Amino acid sequence: MKISLSWLREFVDLPESTEELREILDDLGLVVEGTEHVGEGLVDVVVARIDEIRAIEGADRVRLVVVDANDGPLEVVCGAMNISVGDHVPLAPVGAVLPGNFEIARRTMRGVTSNGMLCSATELRLGDDHSGLMLLDNLIDPVVGMSLLEALDITPDVVFDITVEGNRPDAWSVMGVARDLATRLGRPLAQPNLAHPTTTERTDSYASAGIDDPDLCGRLTVSVLRQVKVGPSPAWVAARLQSAGQRPISNVVDASNLVMLELGQPTHPYDAAHVAKQTLRARRARAGETLETLDGVQRPLAQSGRGLGDTGEDCVIVDGDDTVLGLAGIMGGASSEISPTTTDVLLEAAYFDPMSVARSSKRHGLRSEASTRFERGVDPELALRAAARFVAILAESCPELEWLAEPLDVRGETPASPTIAVFERDIERLLGVSIGLDEATRLLRGLNFDVTSDGDGLQVVPPTSRPDVRSGVAGRADVIEEVARLYGYRRIPRRTPTWSEPGGLTPRQKLRRRVRDVLVDLGAIECWTPTLGSDAEFDLLHRGVARVRITNPLASDESVLRATLLTSLVRTWARNYERGNGDIVVAEIGNVFAHPSVAGSPRFTRGGEGGSFELALPEESERVTVVLGRPRDDATTSVALWVTLAQRLGLDDVVVRTCDQPPKGLHPTRCASLVDRASGAVLGYVGEVDSDLVEAVLSASAPRRLGVLDIDFDALCDRAKATRRSEFASVPSKYPSAVVDLSFVTPRSLHAQDLAKALRGASAVVESVELFDVYEGSTLPEGTRSLAYSVRFSSSERTLSEAEVALARNELITAATSLGATLR
């Protein structure tokens, strides 16, 4: 929809710039697709009279036209064929710059010099008609040599091309857009000039009206106009229509089109002389009826097999003889159109059912400006106001115009406006910003909503021009949306909505998946062994120990809940080994159970009909167990697997410590504890499987050592809150590094990992510290051992000098000395 800025300024004061208004309109939901500057490039265009038209030898598509622009005859070559001698047309002389920065130059064609250019409305951007030159005689009383801007009363203007959403029927008019702007900017809204009946003669003394099908036509008004003189429209009316992309036709038709664009109410003028009995009625079309519309097409109004049955659903306007005059809400018929001989006019302004108009328009493949508005819902209370505006416009070109009193007004079925309760808390809940009820009232009343306060909230009744506002809870949201739109979406703080996320993983689940992924990456095969086993299986490691037994087992060998994962994993490896597939690593994450008497579980007292009794529940915990069964796997490879897992989990302060009493099933001497350096808590064990367990499972001597890693997953979850350094890549230095070996004599009580950590933190240029040798012998003092480390120094900024390396080496020796170590 095209609307000029000057037209909007007739209703509301708009001193803002074009860009500022464009932003405001966009924020109101009236998106501006583009702007056009009218009058630009027309300063040099003048009115010229055609005095002579001659053929050019050898040219059949262009002619030589001699024009007078009040400065003598001028020859111009022109290809338009819609002109004749005496016509007045726009002339762009040599040197003029037309819209689009098109400069006119003197050109020679077929040996004839063209001294300018005669222009069409399209070339001047004053209309869409490019079939020929723009003929000024039908628009104005032309004066030769006058500036075209002055002749057409054109002032420089801006035309906004606005996209109006389908749920905003009120905005399909200049008045609707101006109302939004006035409300947003807090400025008064001017009203258009309306006419009043000029005689006391009643309309029903001349014409009659009726509605046969009130479900299709909700309101039909008929006004009688006499002493009509059909002719050209005033220049301002023609300019308004052209800025909106419409072609001026005659003062009567143009007044109807202008009212539709300005107020949003389509009207239709009929030549009263061709309306039988001066009667207009609305009814359903009947089978077999046809209508020749204004576009010259003969249209069948009701056909069987078209989806609506033989009676159809077309709403038509008929005369006193029941002859169809027009397709209601879409297009009139050719039989009663306005002609130059028309003197009396019946003006129809009505309300038609939106869905009926939409279906008829689609079925006939006929779209018009009127149907576009009726489909969306025209204000049923606007008809007589539109008629008054029509008369006011037409009266400027028909000074003797008579408008009979009390226009006919017949009512059918129209939608009722709902009453909607709106509370301040609802506004804040939906918009996320507090807008007071006073401000909401001001904004809504600016849109003609009827708003009353009931103390706690507002009772809102939308105007009849807003059929898009629903009832109930949905209507409340519609009203709040209007408040937000007028308040300004840009004023509402932006926020990211939050909502519950069902199905998300807990930190424990994420850690379990991470441990599983790391183990699989390291070559382990994940297993799922039975939770229930036999007494014999349980006795392999826990003979004589109380066990958790179920009372209703499905089988006797599935009656005891397991106390460890180790037995079942060793059995899994043994079965694969017996089948020639023993070079594997198997792992499982699962639950184990301890009897209350073993776990020391708390007791609970419960009461019942038979008296009170004590209840103690088994202790259930989750563990991670890995059995390494490849040929060279032993305690060393088990420790290496743990070190990799710890690095991936970011467990910097969990260290390997000597284990004096390893759990049953682990080797008595080749086993160590995983200890949290800070708390001293034991997270698990690493080492080798006891050969007695392997032999018991295989019923033969153990063929090889089996490495093992057994972790308390519950304790791991508590410790795994540390930062995972593996997520951050460390970029190696591009400069050369320096490597030195340091050997220290340390007390046996000093752990190698503690000394390595002290060395890493002793200097900023330490890149890595690796233990490569442990020596114990008679050459060392009693109770000591030798630990040798390979230390790499590097800098990300430069190559380290010998002095810097020596300084760093001394810093490491000092740090080792503080722990009781001496350089060997």
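Arginine 508 and aspartate 714 pair up in a salt bridge, with their closest N and O atoms 2.3 Å apart (a salt bridge being a side-chain nitrogen of Lys or Arg within 4 Å of a carboxyl oxygen of Asp or Glu). Arginine 508 sits in helix H13 and aspartate 714 in helix H19 (residues 713-719), so this pair ties together parts 206 residues apart in sequence. Helices (H or I, at least four residues) and strands (E, at least two) are DSSP runs, numbered from the N terminus.

This is a predicted model, where local features need pLDDT of at least 70 and side-chain atom pairs count only at pLDDT 80 or more, while totals for chains, interfaces and linings use all residues. Residues are numbered from 1 along each chain as its sequence is written, and side-chain values use heavy atoms, with hydrogens and water left out.

**Salt bridges**

- Side chains of opposite charge can pair when their charged atoms come close.
- The count comes to 64 salt bridges by this rule.
- Arginine 508 is partly exposed at 31% relative accessibility, and aspartate 714 is partly exposed at 25% (buried means under 20% relative accessible area, exposed over 50%, partly exposed in between, with a 1.4 Å probe and protein chains only).
- Arginine 490 meets aspartate 27 in a salt bridge at 4.0 Å, N to O.
- Arginine 490 is in the loop between helix H12 (472-487) and helix H13 (507-521), and aspartate 27 is in helix H2 (residues 18-27), so the pair ties together parts 463 residues apart in sequence.
- Here arginine 490 is exposed, at 58% relative accessible area, whereas aspartate 27 is buried at 9%.
- Glutamate 375 forms a salt bridge with arginine 376, the closest N and O atoms being 3.9 Å apart; glutamate 375 is buried at 17%, and arginine 376 is partly exposed at 24%.

**Domain 1 against domain 4**

- Domain 1 covers 2-39 + 157-185 and domain 4 covers 420-487, with bounds from an automatic or database domain assignment.
- Two salt bridges are counted between domain 1 and domain 4.
- Arginine 485 and aspartate 180 meet through their side chains in a salt bridge (2.7 Å, N to O).

- Histidine 542 lies in helix H14 (residues 535-542) and is buried, with a relative accessible area of 19%.
- Leaving out residues up to four places away in sequence, histidine 542 touches Arg547, Ala563 and Thr564.
- Phe538, Asp539, Leu541 and His542 are the buried residues of H14, and they pack against strand S30 (560-561), H15 and helix H18 (691-698).
- After H14 comes glycine 544, with a positive phi near 80 degrees.
- H15 has buried residues too, including Leu566, Val570 and Trp573.
- Glycine 580 follows H15, and its phi is positive, near 80 degrees.

Key: Contact means heavy atoms within 4.5 Å.
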